[in-house]
Amino acid sequence: MIFTKESVHQQIKELVKVQSGLHIESENKAQIELIGEISVNCKSKGYVLSDNYPVQIVIPLDSDILPYVIDTGNRIVKDYPHRYENGELCLETDATIRIRFLEGFSLVAWMQEFVEPYYFSYEFFQRYGEFPFGERGHGIQGIMETYQDLFQEKDPVKVLALMRSICEHPYRGHLLCPCGSEQKLRLCHGPIVMKYYTDNRLKEIVQSDYKIMKDYLVNYYEQLRYCRKAK
Ligand SMILES: [Zn+2]
Ligand SMILES: [Zn+2]
């Protein structure tokens, strides 16, 4: 669960201090809805963005659903790949944001680390046709990229092997690293991946993403087999 009723009000207070164009529009057991404008002031790669964007921000309570932002002013063009049909912004992969909240992330930090850079990347892309900080893929590709970053490992085969081991085994630093390096885990990927073995909340995130990737791969190979048979 990301926000409880008790924890959320202090956080909203802090958020509205830095984004004074926002106010609470409605509140019930399940969620709090903020409405208004956020002001984005970012400067990077020689480009300066200073603009206001009308949004609706929904913060689910006692839930595992992440807070999300709706582009109520339709400032993001419809065919932009990181805007969903319903106007929701595709900020990042779930795992990336979820892990930040587990680490004690606040709504203010969320705004500064994901929402403001989202608009900066968008405007930058509209002007220069490229993304200032690279682009995260969607679906399976986005999940893989997320774990490549988290595990600091470029090779997708090794990333999958590490994810699988985290899901299925306890941490044993003296055993061989699942990446196949022939080194002990604690001398290889161990220091980076240990927390995913030992912190159950992190492990659950890896488990759910590993299942998505595994299902995808199983499906993919089923299809290949089916195609070969059909020939
Ligand atoms: Zn996206
Ligand atoms: Zn390794």
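Visitor: Before anything else, what counts as a helix here?
Guide: Helices are DSSP runs of H or I with at least four residues, numbered from the N terminus. The model itself is predicted.

Visitor: Which helix holds Tyr147?
Guide: Tyr147 lies in helix α4.

Visitor: Is Tyr147 buried or exposed?
Guide: Tyr147 counts as buried, because 25 C-beta neighbours lie inside 10 Å and the threshold for burial is 20 or more.

Visitor: And which residues does Tyr147 contact, leaving aside those within four places in sequence?
Guide: Tyr147 is then in contact with Val159 and Met163.

Visitor: How do the axes of α4 and α5 cross?
Guide: The axes of α4 (residues 139-151) and α5 (residues 156-168) come within 10 Å and cross at roughly 80°. The two helices are therefore roughly perpendicular to each other.

Visitor: Which residues make that contact?
Guide: From α4 they are Met144, Tyr147, Gln148 and Phe151, and from α5 they are Pro156, Val159, Leu162 and Met163.

Visitor: How many of them are nonpolar, polar or charged?
Guide: The contact of α4 with α5 has 7 nonpolar residues, 1 polar and no charged.

Visitor: Changing topic: how many residues has the largest nonpolar core?
Guide: That core has 27 residues, and those with the most contacts inside it are Ile38, Ile57, Val115, Tyr118 and Tyr119.

Visitor: Which elements supply at least two residues each?
Guide: They are α1 (5-18), β2, β3 and α3 (107-128). The largest share, 9 residues, comes from α3.

Visitor: What is Tyr119 in contact with?
Guide: Leaving aside neighbours within four places in sequence, Tyr119 is in contact with Val40, Leu49 and Tyr53.

Visitor: What lies apart from this core?
Guide: Another core, of 20 residues, lies apart from it; Ile99, Leu150, Met163 and Val193 are among its members.

Visitor: Now the backbone. What is the phi of Lys45?
Guide: The phi of Lys45 is near 50°, a positive value in a residue other than glycine. Most residues other than glycine have a negative phi.

Visitor: Where is Lys45, then?
Guide: Lys45 is in the loop between β2 (31-44) and β3 (47-60). Lys45 counts as exposed because it has 10 C-beta neighbours inside 10 Å.

Visitor: And what about Asn74?
Guide: Asn74, also not a glycine, has a positive phi of about 50°. Its place is in the loop between β4 (68-70) and α2 (94-102). With 10 C-beta neighbours inside 10 Å, Asn74 counts as exposed.

Key:
Residues are numbered from 1 along each chain as its sequence is written. Chains are lettered from A and ligands numbered from 1 in the order in which they are written. This is a predicted model: local features need pLDDT of at least 70, side-chain atom pairs count only at pLDDT 80 or more; totals for chains, interfaces and linings use all residues. A residue is buried if 20 or more other C-beta atoms lie within 10 Å of its own, exposed if 12 or fewer, and partly exposed in between; C-beta atoms are placed from the backbone. Axes are lines fitted to C-alpha atoms, for helices over the stretch in contact, and angles run from 0 to 180 degrees between N-to-C directions. Angles under 35 degrees count as roughly parallel, over 145 as roughly antiparallel, 65 to 115 as roughly perpendicular and the rest as oblique. Two residues are in contact if their C-beta atoms, placed from the backbone, lie within 7 Å. Ala, Val, Leu, Ile, Met, Phe, Trp, Tyr, Cys and Pro count as nonpolar, Asp, Glu, Lys and Arg as charged, and the others, Gly among them, as polar. A nonpolar core is a set of buried Ala, Val, Leu, Ile, Met, Phe, Trp, Tyr and Cys residues joined through C-beta atoms within 7 Å.
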